[in-house]
Amino acid sequence: MPPDLSSSNWKIDRAKDLLNTLDGEVRAWIDSKPYRLETVINPERTRASLVVRNYEAPPIVRWSLMVADIIHNLRCAIDHAFWAVMIDTFPAALPPKTDKLTFPIWDNPPSSHQLRPLKPLGQKLIDAIKAVQLYNNPTTAFPVHELAIIRDIDNGNKHKLLFTLMSSLAIVEVKATGLGKDYKNAPPITELHKGEIKDGVEVIVTTFDVPQPDMKYECAKYVGIIAMQHPIANRLGQDRDDYAALVDALFVQVRQTISEFVVMAA
């Protein structure tokens, strides 16, 4: 008979319930239009920007705790599936010294030291574990593999500090009109704010080498998001994604990992 994955599925269902609640709260906050972008042009008419005004901060700590619980439940789902397979493989009794095992998540092929605690499980289960590891299943969707994100954020939230979300802007577009002909020889320099948005923060700044007395500068489009930073972003460049897209991808990865592991271990 196949392993009983009920416990693993309950963990995934719990994570989904939390995500549905979080999605509803985030949508309600965004729909409330909690801030606007105001145009600011300096007296010399050489610098224009969009500034956040009337910012109403979201309950970031509450939402961060919810995401932490979602990720923890997803990590548990993998462990529970691992244990279901172990119990199915050894129905009479687990091998000695395996009662504290958890499913490993390795970035690279494991060392002999890492493999030693798994030896009592036998080569078939070890090969199944290896088959679904990061180094055998590279991803291009994010700068960090989804399983690594689950592992690192869950470990950090348990043993270090809460891994917090932030309100950010995914898209900012401006419409600048009434520019003089000379600006073509001195093209504007535009800089985007990539950090957290708060009241008074300039989210986009455009500067000109020569004054633009007839310039009109306005927001053409902006998209606000609740962003989630990658746990090891500093060495990888791109440092964040919309929490919804990232968490959805984590669900997909967990289900895929469990499914493939169960098949390989059978």
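Q: Which residues of H2 and H5 meet?

A: In this predicted model, Ala-68, Ile-71, His-72, Arg-75 and Ile-78 of H2 meet Leu-147, Ile-150, Ile-153, Asp-154, Asn-157 and Lys-158 of H5. Contact here requires heavy atoms within 4.5 Å. By class, the residues of this contact comprise six nonpolar, two polar and three charged.

Q: What angle and axis separation describe the packing of H2 and H5?

A: Helix H2 (residues 60-89) and helix H5 (residues 146-159) pack at about 115 degrees, and their axes are 9 Å apart. The crossing of H2 past H5 is left-handed.

Q: Why is H5 called roughly perpendicular to H6?

A: The axes of H5 and helix H6 (residues 243-265) cross at roughly 105 degrees and come within 9 Å. Angles of 65 to 115 degrees count as roughly perpendicular, and H5 is therefore placed in that class relative to H6.

Q: What makes up the contact of H5 with H6, by residue and by class?

A: On the H5 side are Glu-146, Leu-147, Ile-149 and Ile-150, which meet Leu-246, Ala-249, Leu-250, Gln-253, Val-254 and Thr-257 of H6. Seven of these residues are nonpolar, two are polar and one is charged.

Q: Why are S1 and S4 described as standing at the edges of their sheet?

A: The sheet is open, with four strands in the order S1-S2-S5-S4 and antiparallel pairing. Strand S1 (36-41) and strand S4 (189-192) each have a single partner strand, so one side of each lacks a neighbour in the sheet. From one strand to the next, the twist averages 15 degrees.

Q: What makes S6 a partner of S3, and what makes S6 a partner of S7?

A: The threshold is at least two bridges. Strand S3 (residues 166-177) pairs with strand S6 (residues 216-229) over 11 bridges in the antiparallel sense, with Lys-175 opposite Glu-218 of S6. Three bridges join S6 to strand S7 (residues 240-242), again with an antiparallel run, and Gln-229 stands opposite Arg-240 of S7.

Note on methods:
Residues are numbered from 1 along each chain as its sequence is written. This is a predicted model: local features need pLDDT of at least 70, side-chain atom pairs count only at pLDDT 80 or more; totals for chains, interfaces and linings use all residues. Side-chain values use heavy atoms; hydrogens and water are left out. Helices (H or I, at least four residues) and strands (E, at least two) are DSSP runs, numbered from the N terminus. Axes are lines fitted to C-alpha atoms, for helices over the stretch in contact, and angles run from 0 to 180 degrees between N-to-C directions. A crossing is left-handed if the near helix is turned anticlockwise from the far one by less than a right angle, and right-handed if clockwise. Ala, Val, Leu, Ile, Met, Phe, Trp, Tyr, Cys and Pro count as nonpolar, Asp, Glu, Lys and Arg as charged, and the others, Gly among them, as polar. Angles under 35 degrees count as roughly parallel, over 145 as roughly antiparallel, 65 to 115 as roughly perpendicular and the rest as oblique.
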